[in-house]
Amino acid sequence: MELELRHLRTVRAIADTGSLTKAAATLGLAQPALSAQLRRIEKALGGPLFDRDHTGARPTLLGELVLERARVVLPAVSELQEEAVRFANAWGTMERFRLGGTHGPLLGGLVDRLVTAHPTAPVSTYTSWSVAEIASQLVDGRLDFALIGTCGESPPPGSDRLTWQVIGVDPVFVMLPDTHPLAGEQELDLSALADECWADVPGEGCFADCFISACARAGFSPVSVYETDTASVVHLVQVGRAVGLCRATFPPAPGVVTRPITGSPLSWRHLLGWHPRSTAADAAAGAVSGYTRAAYAEAVERSESYTRWLAAHPWFGAAM
């Protein structure tokens with residue numbers, strides 16, 4: 001019998017669970033079938049791999065040697081398979097641009113610049129509220145680049161396998177109807193909004209918890225928080241149903257003003273991501289990064305309140 005990967009997985013399962021009974025359940029096999037398979041594996045490898053008694057199964061010295069190799073070989077094969085799938089899903093050269101994003105303000109600006117610079121190259125976009133889903137598609141090679149945001153300093157998903165570049169760091173602003181009594185203020189204490197209902201977009205990560213914590217530090221608990229899409233958040237603000245939370249780069253909307261929160265208790269990082277071994281990596285390090293930074297600068301310029309605020313808070317804004 002020639003040794004196969006499934007045999008190594010079997011040996012690892014027995015070692016991880018500590019018994020043939022538990023390993024059989026994990027592998028979806030009957031215990032007699034697993035015992036017979038283990039005997040064939042041991043015959044092929046020249047000796048017993050486990051000492052077995054009523055207390056369970058413990059690796060022999062030969063078993064430890066096999067397990068040591070298995071712990072190297074199995075992850076390497078998994079990585080090879082993932083890389084092959086990624087390569088099969090990618091183009092040999094950047095003849096197209098597949099972008100993912102979380103409904104942020106930069107995606108449209110990046111598309112505009114790519115279409116201008118590469119008028120014959122197809123550009124497609126995929127949007128989701130889930131940064132984990134977008135990161136997974138980068139890993140699998142179904143996307144070339146991703147534009148996402150993370151709360152504060154929280155790490156982006158897949159940071160051990162993907163390259164993420166910080167484009168800019170924004171404070172979180174408050175959206176008010178232009179008829180709100182506080183709309184004329186240049187900056188708002190969070191405590192001044194203690195009696196308001198709130199609206200923001202859904203998402204993963206720690207933002208909801210960070211917002212609740214910021215409110216607690218300001219001495220109140222939010223009356224209610226509506227999670228909905230961006231257009232609905234704007235509508236709820238326009239009709240006075242709620243005040244909204246938004247990135248400082250949020251584009252102007254009729255009947256709405258955006259104002260900074262005193263002390264900037266909440267912040268948001270804009271990130272451009274790609275896989276370091278993908279065909280997109282070289283383009284990401286140069287042109288696509290530059291296009292994204294230009295789109296971010298344009299988004300900042302569109303917000304008069306943010307531009308004015310940045311002059312006194314230069315540690316926010318574009319990342320160097």
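**The lining of the second largest pocket has 6 nonpolar, 3 polar and 4 charged residues.** Nonpolar covers Ala, Val, Leu, Ile, Met, Phe, Trp, Tyr, Cys and Pro; charged covers Asp, Glu, Lys and Arg; the others, Gly among them, are polar. The model is predicted, so local features need pLDDT of at least 70 and side-chain atom pairs count only at pLDDT 80 or more, while totals for chains, interfaces and linings use all residues. Residues are numbered from 1 along each chain as its sequence is written, and side-chain values use heavy atoms, with hydrogens and water left out. A pocket is an open set of points on a 1 Å grid over the protein atoms alone, with protein on both sides within 12 Å along at least five of seven lines; a cavity is a set of points where a 1.4 Å probe fits but cannot get out; lining residues have an atom within 4 Å of a point. Grid points are joined across faces, edges and corners, and a volume is the space filled by probe spheres set on the points. The second largest pocket holds about 190 Å³ of space. Its lining numbers 13 residues, with Pro252, Thr258, Ser303, Glu304 and Ser305 nearest the centre. Two or more lining residues come from each of β10 (256-260) and α10 (304-310). The largest share, 4 residues, is that of β10. Helices (H or I, at least four residues) and strands (E, at least two) are DSSP runs, numbered from the N terminus.

**The largest pocket contains about 560 Å³ of space.** Its lining has 29 residues, and Val201, Pro202, Phe207, Arg247 and Trp268 are the closest to its centre. The elements that contribute two or more residues are β5 (145-151), β6 (163-177), α7 (207-217), α8 (230-238) and β9 (243-247). By class, 18 of the lining residues are nonpolar, 7 polar and 4 charged.

**The largest cavity contains about 100 Å³ of space.** The structure has 2 cavities of 30 Å³ or more. Among the residues lining the largest cavity are Thr102, Leu107, Leu147, Arg247, Trp268 and His270. At least two lining residues come from each of β5 and β11 (267-274). The lining is made up of 7 nonpolar, 4 polar and 1 charged residues.

**In helix α5 (residues 107-117), Leu107, Gly109, Leu110, Arg113 and Leu114 are buried.** They lie on the same side of α5, because they cover an arc of only 165 degrees around the axis. The arc is that of the directions from the helix axis to the C-beta atoms. Exposed Gly108 and Thr116 are on the face turned away from the buried side. Buried means under 20% relative accessible area and exposed over 50%, with partly exposed in between (1.4 Å probe, protein chains only).

**The whole structure has 6 aromatic pairs.** Phe173 and Tyr306 form an edge-to-face pair, with ring centres 5.7 Å apart and planes at 80 degrees. Phe173 is in strand β6 and Tyr306 in helix α10, 133 residues apart. Both of these residues, Phe173 and Tyr306, are buried. Trp198 and Phe211 are also an edge-to-face pair, at 5.0 Å centre to centre and 65 degrees between the planes. This pair ties together parts 13 residues apart in sequence, because Trp198 lies in strand β7 (residues 198-200) and Phe211 in helix α7. Trp198 is buried at a relative accessible area of 0%, and Phe211 is buried at 3%. Rings of Phe, Tyr and Trp (its six-membered ring) pair if their centres lie within 6.5 Å; planes under 30 degrees apart are stacked, over 60 edge-to-face and the rest tilted. One aromatic cluster is formed by Phe173, Tyr306, Trp309 and Phe316.
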